[in-house]
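I opened my notebook to write down, entry by entry, what I looked up in this model.

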Amino acid sequence: MADVFINRIGTAVPAHDIHRDFTAYAARRLEPRAAALFARMAGRAGIEHRHSVLAPGALATGGADAQEFYRPGGFPDTAARMAVFEREATALALRAVADAAIDPAAITHLIVASCTGFAAPGLDLHLAARLGLRADLQRTLVGFMGCSAAVPALRLARQTVLAEPGAVVLVVNLELCTLHLQETADLETALTFLLFGDGCAAAVVSGAPQGLALHDFRSATIPDTAELITWRIGAQGFLMHLAGAVPAAIAAALRAAREGRDAAGLLRGDAIDAIGDWAVHAGGRSVLDAVEAGLGLPGEALAASRAVLAAHGNMSSATVLFVLRRLLDAGGPAGRRGMAMAFGPGMVAETFRFSRV
């Protein structure tokens, strides 16, 4: 039996829906053949909305956004982007915490995961101050682990509660991906502008038997894939590289897991039909298709992930917690088993098993 549980999950996204504007911006900068390919990919992306702390303004028609942050020929440097992160992150995190109906007085530990912005004092201290958290609060930052970071953050939370049974851990995953738009005519880079949005999730992890029971965590590095997903700091923001070979690599790794040929044993010997809930990071339609094909899942198995992708796009580390929140809200029988899975630079598959309380 598990001794640690995700009790509640709160989520929040900014007010500005920028999916069509960012897509139009990217398409305008491409030469005609690349623009036609981009349009086909956009039509198949499975994304309807993405959100940003920035109002889009005239970005779609060749002008600047409403804040004149992205001005044609004058995109901001990394320092300017980090200043916006520092200004906007705390307010969005507070909304997610409020959505989870968390009692600040109960929180003993805070874990913050992000790969889209950094400052010191950072989001952890700003959030602790605004919430009035205890002076001896224990803080941990999980930084720059990309889309898979929510799983290590939850693993740390579980280990904390196992070591200190009275601990109540607040896990915050916050990403402002839209602060890293690039002024480029490169198709591969432009395709990343089709996927990413801003969002925050806040989860309470404790020993109280409520919500989702956390079981074992397991990680696996997929061989020969280190450069397929990269996230590097440039002079003008953080530079994302997402290779077209990512879905095939994921499908092959999961096919090996299903057939019992992976050294890490990601499925722990479980049969696919023994798992009732799948919480897979909605990294993109092709990623979800690859997971479905690699594991041989029925068509409805990833419905929660596809719904999150449609509503919000890929919010990096926050995304899988949005999926878990959707599963929690949908309800289900006590004891039903689940598997959570996310992929990040490395390429690394981060997983954990859970069950409904």
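How many of the 8 residues of S12 are buried? I found that 7 of the 8 are buried, so S12 is mostly covered, where buried means under 20% relative accessible area with a 1.4 Å probe and protein chains only.

Before going on, I noted that this is a predicted model, in which local features need pLDDT of at least 70 and side-chain atom pairs count only at pLDDT 80 or more, while totals for chains, interfaces and linings use all residues. I also noted that residues are numbered from 1 along each chain as its sequence is written, and that side-chain values use heavy atoms, with hydrogens and water left out.

Strand S11 (residues 277–280) pairs with S12 in the parallel sense over 4 bridges, and Val280 stands opposite Met341 in S12. With strand S13 (residues 348–356), S12 pairs in the antiparallel sense over 8 bridges, and Gly338 stands opposite Phe354 in S13. S12 and S13 form a hairpin with 3 residues between them, and Gly346 in the turn has a positive phi of about 150°.

Last, I turned to Ser52, whose place is in strand S3 (residues 51–52). Why does Ser52 count as buried? Ser52 counts as buried because its relative accessibility is 0%. In contacts (heavy atoms within 4.5 Å), Ser52 touches Pro14, Ala15, His16, Ile18, Thr178 and Asp198, not counting residues up to four places away in sequence.

Notes. Helices (H or I, at least four residues) and strands (E, at least two) are DSSP runs, numbered from the N terminus. Buried means under 20% relative accessible area, exposed over 50%, partly exposed in between (1.4 Å probe, protein chains only). Two strands pair if DSSP finds at least two bridges between them.
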